[in-house]
Amino acid sequence: MELSITVNDNPHQLDGPCTVVELLTLLDQSAKGVAVAINDNIISRSQWQQHQLKANDQVVLFKAIAGG
């Protein structure tokens with residue numbers, strides 16, 4: 001079953017159920033320094049292993065940037 005989601009305003013097709021951790025792996029995105037919001041709700045890192053993405057989810061990946 002394919003799932004259609006959006007990641008940072010770009011459409012993505014997933015082959016089936018997927019957690020946040022699995023999505024980051026699919027996107028070749030390191031989890032270090034990243035925050036994840038799904039449908040405007042921040043998902044805590046402790047929930048990434050359990051949180052299943054659903055069809056039409058809007059995912060935003062935030063990368064921490066050092067600066068001053």
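Strand S1 (residues 3-7) is largely enclosed by the rest of the structure, because four of its five residues are buried (under 20% relative accessible area, with exposed meaning over 50% and partly exposed in between, for a 1.4 Å probe and protein chains only). Strands here are DSSP runs of E with at least two residues, helices are runs of H or I with at least four, and both are numbered from the N terminus. Please keep in mind that this is a predicted model, in which local features need pLDDT of at least 70 and side-chain atom pairs count only at pLDDT 80 or more, while totals for chains, interfaces and linings use all residues. Residues are numbered from 1 along each chain as its sequence is written, and side-chain values use heavy atoms, with hydrogens and water left out.

S1 pairs with strand S2 (residues 10-14) in the antiparallel sense, over five bridges; two strands count as paired if DSSP finds at least two bridges between them. Within this pairing, Leu 3 has Leu 14 in S2 as its bridge partner. Two residues lie between the strands of this hairpin, and Asn 8 takes a positive phi near 50° there. S1 also pairs with S5, this time in the parallel sense over two bridges, and Thr 6 stands opposite Gln 58 in S5.

## The whole sheet

If you follow the strands across, you will find five of them in an open sheet of mixed pairing, in the order S2-S1-S5-S3-S4. S2 and strand S4 (41-43) stand at the edges with a single partner strand each, so one side of each has no neighbour in the sheet. From one strand to the next, the twist averages 35° (axes are lines fitted to C-alpha atoms, for helices over the stretch in contact, and angles run from 0 to 180 degrees between N-to-C directions).

Strand S3 (residues 34-38) pairs with S5 in the antiparallel sense, over five bridges. Here Val 36 stands opposite Leu 61 in S5.

Phe 62 belongs to strand S5 (residues 58-63) and is partly exposed, as its relative accessible area is 42%. Together with Ile 42 and Val 60, Phe 62 forms a nonpolar surface patch with about 270 Å² of accessible area (from the Shrake-Rupley method with a 1.4 Å probe; for residues, only the protein chains shown count as cover).

## Two loop residues

Let's turn to Pro 17, in the loop between S2 and helix H1 (20-26). Pro 17 counts as exposed because its relative accessibility is 65%. Beyond its neighbours within four places in sequence, Pro 17 is in contact (heavy atoms within 4.5 Å) with Leu 3, Glu 22 and Gln 52. The C-alpha atoms of Pro 17 and Leu 53 are 6.8 Å apart, although 36 residues separate them along the chain.

Gln 29 sits in the loop between H1 and S3 and is partly exposed, at 26% relative accessible area. Leaving out neighbours within four places in sequence, Gln 29 touches Leu 24, Val 34, Leu 61 and Lys 63. The C-alpha atoms of Gln 29 and Ile 42 are separated by 17 Å, with the two residues 13 apart along the chain.

Note on methods: Patches are made of residues with over 30% relative accessible area and no salt bridge: like charges are joined within 9 Å, nonpolar side chains (Val, Leu, Ile, Met, Phe, Trp, Tyr) within 5 Å. A salt bridge is a side-chain nitrogen of Lys or Arg within 4 Å of a carboxyl oxygen of Asp or Glu.
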